[in-house]
Amino acid sequence: MDSHGEVAGLLLAAGGGRRLGGRPKALLAHRGRPLVEHAAEALRAGGCGPVHVVLGAGAERVRAEARLPGCVAVDNPHWADGMSTSLRAGLASLAAARPRPAAVVVALVDQPGVGAAAVARVVAAARAGEDLLSALVSAVYGERRGHPVLIGAARWSGVAASATGDSGARAYLREHAEQTLLVDCAAVADPADIDTPADLHLLAPPGPRTEQR
(Lines give C-alpha, C1' and ligand atoms only; values in the text may rest on other atoms or scores of the structure.)
Protein backbone atom coordinates (compact mmCIF):
# COMPACT_ATOMS: atom_id res chain seq x y z
CA MET A 1 0.00 0.00 0.00
CA ASP A 2 1.29 3.44 -0.93
CA SER A 3 -0.80 5.96 0.99
CA HIS A 4 2.06 8.38 1.56
CA GLY A 5 2.96 11.53 -0.29
CA GLU A 6 1.74 15.08 -0.31
CA VAL A 7 -1.82 15.94 -1.26
CA ALA A 8 -2.04 19.36 -2.87
CA GLY A 9 -5.07 21.56 -3.33
CA LEU A 10 -6.24 23.00 -6.65
CA LEU A 11 -8.75 25.83 -6.48
CA LEU A 12 -10.45 26.80 -9.73
CA ALA A 13 -11.16 30.50 -9.27
CA ALA A 14 -10.96 31.98 -12.77
CA GLY A 15 -14.67 32.45 -13.52
CA GLY A 16 -15.85 35.83 -14.68
CA GLY A 17 -19.37 35.63 -13.26
CA ARG A 18 -21.01 36.35 -16.61
CA ARG A 19 -24.49 35.70 -15.22
CA LEU A 20 -23.62 37.82 -12.19
CA GLY A 21 -23.07 40.95 -14.22
CA GLY A 22 -19.39 40.26 -14.85
CA ARG A 23 -18.26 40.19 -11.22
CA PRO A 24 -15.32 37.79 -10.76
CA LYS A 25 -16.54 35.02 -8.47
CA ALA A 26 -13.25 34.96 -6.57
CA LEU A 27 -13.94 38.44 -5.20
CA LEU A 28 -17.53 37.96 -4.07
CA ALA A 29 -17.76 38.96 -0.41
CA HIS A 30 -18.40 36.10 2.02
CA ARG A 31 -18.23 36.82 5.76
CA GLY A 32 -16.47 40.06 4.99
CA ARG A 33 -13.67 38.54 2.91
CA PRO A 34 -13.22 37.53 -0.74
CA LEU A 35 -14.70 34.13 -1.45
CA VAL A 36 -11.37 32.88 -2.80
CA GLU A 37 -9.81 33.28 0.65
CA HIS A 38 -12.40 31.00 2.25
CA ALA A 39 -12.06 28.35 -0.44
CA ALA A 40 -8.26 28.28 -0.23
CA GLU A 41 -8.45 28.13 3.56
CA ALA A 42 -10.83 25.17 3.36
CA LEU A 43 -8.33 23.21 1.25
CA ARG A 44 -5.48 23.92 3.66
CA ALA A 45 -7.54 23.13 6.76
CA GLY A 46 -8.81 19.95 5.12
CA GLY A 47 -5.33 18.51 4.81
CA CYS A 48 -3.91 19.82 1.54
CA GLY A 49 -0.28 20.90 1.40
CA PRO A 50 0.51 23.43 -1.31
CA VAL A 51 -2.60 25.08 -2.74
CA HIS A 52 -2.50 26.24 -6.35
CA VAL A 53 -5.15 28.83 -7.20
CA VAL A 54 -6.05 29.32 -10.85
CA LEU A 55 -6.95 32.94 -11.64
CA GLY A 56 -8.49 34.38 -14.77
CA ALA A 57 -11.15 37.09 -14.71
CA GLY A 58 -9.92 40.06 -12.68
CA ALA A 59 -6.66 38.27 -11.87
CA GLU A 60 -4.82 41.47 -11.03
CA ARG A 61 -7.60 42.57 -8.67
CA VAL A 62 -7.65 39.17 -6.98
CA ARG A 63 -3.89 39.32 -6.42
CA ALA A 64 -4.24 42.82 -4.98
CA GLU A 65 -7.33 42.33 -2.82
CA ALA A 66 -7.19 38.72 -1.64
CA ARG A 67 -4.80 37.37 0.98
CA LEU A 68 -3.64 33.91 -0.08
CA PRO A 69 -0.64 33.03 2.11
CA GLY A 70 1.19 29.90 1.11
CA CYS A 71 -0.70 29.62 -2.17
CA VAL A 72 0.66 29.48 -5.71
CA ALA A 73 -1.25 31.75 -8.09
CA VAL A 74 -1.62 30.30 -11.58
CA ASP A 75 -2.73 32.60 -14.39
CA ASN A 76 -5.11 31.22 -17.01
CA PRO A 77 -5.36 33.66 -19.92
CA HIS A 78 -7.85 31.31 -21.61
CA TRP A 79 -10.34 31.25 -18.73
CA ALA A 80 -13.22 32.44 -20.95
CA ASP A 81 -13.00 29.17 -22.91
CA GLY A 82 -14.32 27.19 -19.95
CA MET A 83 -13.42 25.43 -16.73
CA SER A 84 -11.38 22.81 -18.60
CA THR A 85 -8.71 25.42 -19.39
CA SER A 86 -8.34 26.23 -15.69
CA LEU A 87 -8.14 22.56 -14.78
CA ARG A 88 -5.42 21.96 -17.34
CA ALA A 89 -3.49 25.06 -16.23
CA GLY A 90 -3.67 23.97 -12.60
CA LEU A 91 -2.62 20.39 -13.29
CA ALA A 92 0.30 21.61 -15.41
CA SER A 93 1.44 23.85 -12.55
CA LEU A 94 1.24 20.97 -10.10
CA ALA A 95 3.06 18.58 -12.44
CA ALA A 96 5.93 21.07 -12.67
CA ALA A 97 6.16 21.47 -8.89
CA ARG A 98 9.13 19.97 -7.08
CA PRO A 99 8.57 17.82 -5.25
CA ARG A 100 5.51 16.81 -7.24
CA PRO A 101 2.48 16.03 -5.04
CA ALA A 102 1.13 12.48 -5.06
CA ALA A 103 -2.46 13.67 -5.53
CA VAL A 104 -4.57 16.81 -5.70
CA VAL A 105 -7.95 17.83 -4.33
CA VAL A 106 -9.86 19.95 -6.84
CA ALA A 107 -12.36 22.48 -5.47
CA LEU A 108 -14.47 25.27 -6.97
CA VAL A 109 -14.42 28.84 -5.69
CA ASP A 110 -18.18 29.35 -6.04
CA GLN A 111 -19.28 26.73 -3.49
CA PRO A 112 -19.14 28.49 -0.11
CA GLY A 113 -20.90 25.59 1.60
CA VAL A 114 -18.09 23.15 0.80
CA GLY A 115 -15.52 23.54 3.55
CA ALA A 116 -12.67 21.79 5.29
CA ALA A 117 -14.76 18.89 6.59
CA ALA A 118 -15.62 17.67 3.09
CA VAL A 119 -12.02 18.07 1.94
CA ALA A 120 -10.80 16.08 4.95
CA ARG A 121 -13.24 13.24 4.25
CA VAL A 122 -12.07 12.93 0.66
CA VAL A 123 -8.39 13.04 1.62
CA ALA A 124 -8.86 10.44 4.36
CA ALA A 125 -10.65 8.08 1.98
CA ALA A 126 -7.83 8.36 -0.55
CA ARG A 127 -5.14 7.74 2.04
CA ALA A 128 -6.99 4.66 3.24
CA GLY A 129 -6.79 3.18 -0.26
CA GLU A 130 -4.10 1.06 -1.85
CA ASP A 131 -2.33 3.65 -3.99
CA LEU A 132 -2.56 7.40 -3.56
CA LEU A 133 -0.87 8.03 -6.93
CA SER A 134 -3.73 6.38 -8.81
CA ALA A 135 -6.54 7.36 -6.45
CA LEU A 136 -9.80 8.77 -7.75
CA VAL A 137 -12.23 9.98 -5.07
CA SER A 138 -15.36 12.09 -5.42
CA ALA A 139 -17.66 13.65 -2.87
CA VAL A 140 -21.28 12.62 -3.28
CA TYR A 141 -24.42 14.38 -2.11
CA GLY A 142 -27.33 11.97 -2.16
CA GLU A 143 -27.15 10.55 -5.69
CA ARG A 144 -25.26 13.54 -7.06
CA ARG A 145 -21.50 13.53 -7.44
CA GLY A 146 -19.68 16.78 -6.84
CA HIS A 147 -16.64 18.53 -5.43
CA PRO A 148 -14.22 18.17 -3.86
CA VAL A 149 -12.62 15.58 -6.12
CA LEU A 150 -9.25 13.94 -5.45
CA ILE A 151 -7.13 12.85 -8.40
CA GLY A 152 -3.89 10.87 -8.07
CA ALA A 153 -0.90 12.20 -9.99
CA ALA A 154 -0.80 9.15 -12.28
CA ARG A 155 -4.16 10.27 -13.68
CA TRP A 156 -3.43 13.95 -14.29
CA SER A 157 -2.43 13.62 -17.93
CA GLY A 158 -5.54 11.59 -18.71
CA VAL A 159 -7.79 14.08 -16.95
CA ALA A 160 -6.20 17.01 -18.78
CA ALA A 161 -6.54 15.29 -22.14
CA SER A 162 -10.25 14.58 -21.65
CA ALA A 163 -11.23 17.99 -20.26
CA THR A 164 -13.23 20.16 -22.67
CA GLY A 165 -15.35 23.29 -22.33
CA ASP A 166 -16.94 23.70 -18.92
CA SER A 167 -16.99 19.98 -18.13
CA GLY A 168 -13.71 19.90 -16.22
CA ALA A 169 -12.94 16.34 -15.11
CA ARG A 170 -16.53 15.18 -15.63
CA ALA A 171 -15.83 13.12 -18.75
CA TYR A 172 -12.86 11.35 -17.16
CA LEU A 173 -14.82 10.57 -14.00
CA ARG A 174 -17.68 9.19 -16.06
CA GLU A 175 -15.32 6.96 -18.06
CA HIS A 176 -13.71 5.71 -14.84
CA ALA A 177 -16.84 5.49 -12.71
CA GLU A 178 -16.07 1.96 -11.53
CA GLN A 179 -12.67 3.08 -10.25
CA THR A 180 -14.00 6.15 -8.45
CA LEU A 181 -14.48 5.93 -4.71
CA LEU A 182 -17.55 7.88 -3.60
CA VAL A 183 -17.52 9.61 -0.21
CA ASP A 184 -20.77 10.84 1.33
CA CYS A 185 -20.36 14.51 2.27
CA ALA A 186 -24.02 15.49 2.51
CA ALA A 187 -23.87 15.75 6.30
CA VAL A 188 -20.93 18.16 6.31
CA ALA A 189 -21.25 20.28 3.16
CA ASP A 190 -23.67 21.97 0.79
CA PRO A 191 -22.60 21.74 -2.88
CA ALA A 192 -24.84 24.59 -4.09
CA ASP A 193 -22.90 26.96 -6.33
CA ILE A 194 -23.25 30.62 -7.15
CA ASP A 195 -24.13 31.18 -10.79
CA THR A 196 -26.87 33.81 -10.88
CA PRO A 197 -28.06 36.71 -8.68
CA ALA A 198 -30.67 34.35 -7.22
CA ASP A 199 -27.80 32.34 -5.69
CA LEU A 200 -26.21 35.25 -3.84
CA HIS A 201 -28.13 34.33 -0.68
CA LEU A 202 -25.52 31.60 -0.22
CA LEU A 203 -23.02 34.30 0.73
CA ALA A 204 -22.92 35.23 4.40
CA PRO A 205 -22.66 38.86 5.59
CA PRO A 206 -19.82 40.04 7.82
CA GLY A 207 -20.18 38.89 11.38
CA PRO A 208 -18.62 36.69 14.06
CA ARG A 209 -16.40 34.04 12.53
CA THR A 210 -18.11 30.65 12.42
CA GLU A 211 -16.83 27.19 11.61
CA GLN A 212 -16.99 26.12 7.98
CA ARG A 213 -19.27 23.20 7.35
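1. His-30 has a relative accessibility of 3% and therefore counts as buried, the cut-off being under 20%. The structure is a predicted model, and the points below should be read with that in mind. His-30 is located in strand 2, which covers residues 29-30. Leaving aside neighbours within four places in sequence, His-30 is in contact with Leu-35, His-38, Pro-112, Leu-202, Leu-203 and Ala-204.

2. Helix 1 is mostly covered, with eight of its 11 residues buried. After helix 1 comes Gly-47, which has a positive phi, near 115°.

3. Strand 4 deserves attention for its burial and its pairing. Five of its five residues are buried. On one side lie Val-51, Val-53 and Leu-55, on the other His-52 and Val-54, and both faces are covered. As a general rule, side chains in a regular strand alternate between the two faces of the sheet.

4. Strand 4 has strand partners. Strand 1 and strand 4 run parallel and are joined by five bridges; within this pairing, Gly-9 has Val-51 of strand 4 as its bridge partner. Strand 4 and strand 5 (residues 71-75) also run parallel, joined by five bridges. Here His-52 stands opposite Val-72 of strand 5. Together with helix 2, strand 4 and strand 5 form a right-handed β-α-β unit.

5. Which element lies on each side of Gly-58? This glycine is in the loop that connects strand 4 (51-55) to helix 2 (59-65). Its relative accessibility is 30%, so Gly-58 counts as partly exposed. Gly-58 and Lys-25 are 33 residues apart in sequence, while their C-alpha atoms are 9.3 Å apart in space.

6. The largest nonpolar core contains 39 residues, and those with the most contacts inside it are Leu-11, Val-36 and Leu-150. At least two residues of this core come from each of strand 1, helix 1, strand 4, helix 2, strand 6, helix 4 and strand 7. Helix 4 supplies the largest share, six residues. Another core, of 23 residues, lies apart from it and includes Leu-12, Val-54, Val-159 and Tyr-172. In soluble globular proteins, nonpolar side chains tend to be buried together.

7. Leu-11 illustrates how separate parts of the chain meet. Not counting residues up to four places away in sequence, Leu-11 touches residues including Val-36, Ala-39, Ala-40 and Leu-43. Its contacts also include His-52, Val-53, Val-54 and Ala-107.

8. Helix 4 (residues 116-127) has 12 residues and should span 16 Å at 1.5 Å a residue; its end C-alpha atoms are 16 Å apart, which agrees. Its buried residues are Ala-116, Ala-118, Val-119, Val-122, Val-123, Ala-125 and Ala-126. These pack against helix 1 (35-45) and against several strands, among them strand 1 (7-13), strand 6 (103-108) and strand 9 (181-184).

9. How many disulfides does a search of the whole structure find? The search finds zero. The closest cysteine sulfur to that of Cys-48 belongs to Cys-71 and is 10 Å away, which is too far for a bond. Cys-185 is likewise in no disulfide, the nearest cysteine sulfur being that of Cys-48, 13 Å away. Cys-48 is buried, with a relative accessible area of 6%, and Cys-185 counts as buried at 0% relative accessibility.

How values were computed: Residues are numbered from 1 along each chain as its sequence is written. This is a predicted model: local features need pLDDT of at least 70, side-chain atom pairs count only at pLDDT 80 or more; totals for chains, interfaces and linings use all residues. Side-chain values use heavy atoms; hydrogens and water are left out. Helices (H or I, at least four residues) and strands (E, at least two) are DSSP runs, numbered from the N terminus. Buried means under 20% relative accessible area, exposed over 50%, partly exposed in between (1.4 Å probe, protein chains only). A disulfide is a pair of cysteine sulfur atoms within 2.5 Å. The expected span of a helix is 1.5 Å times one less than its number of residues. Contact means heavy atoms within 4.5 Å. A nonpolar core is a set of buried Ala, Val, Leu, Ile, Met, Phe, Trp, Tyr and Cys residues joined through side-chain atoms within 4.5 Å. Two strands pair if DSSP finds at least two bridges between them. A crossover is right-handed if, with the strands pointing away from the viewer, the path from the first strand over the helix to the second runs clockwise.
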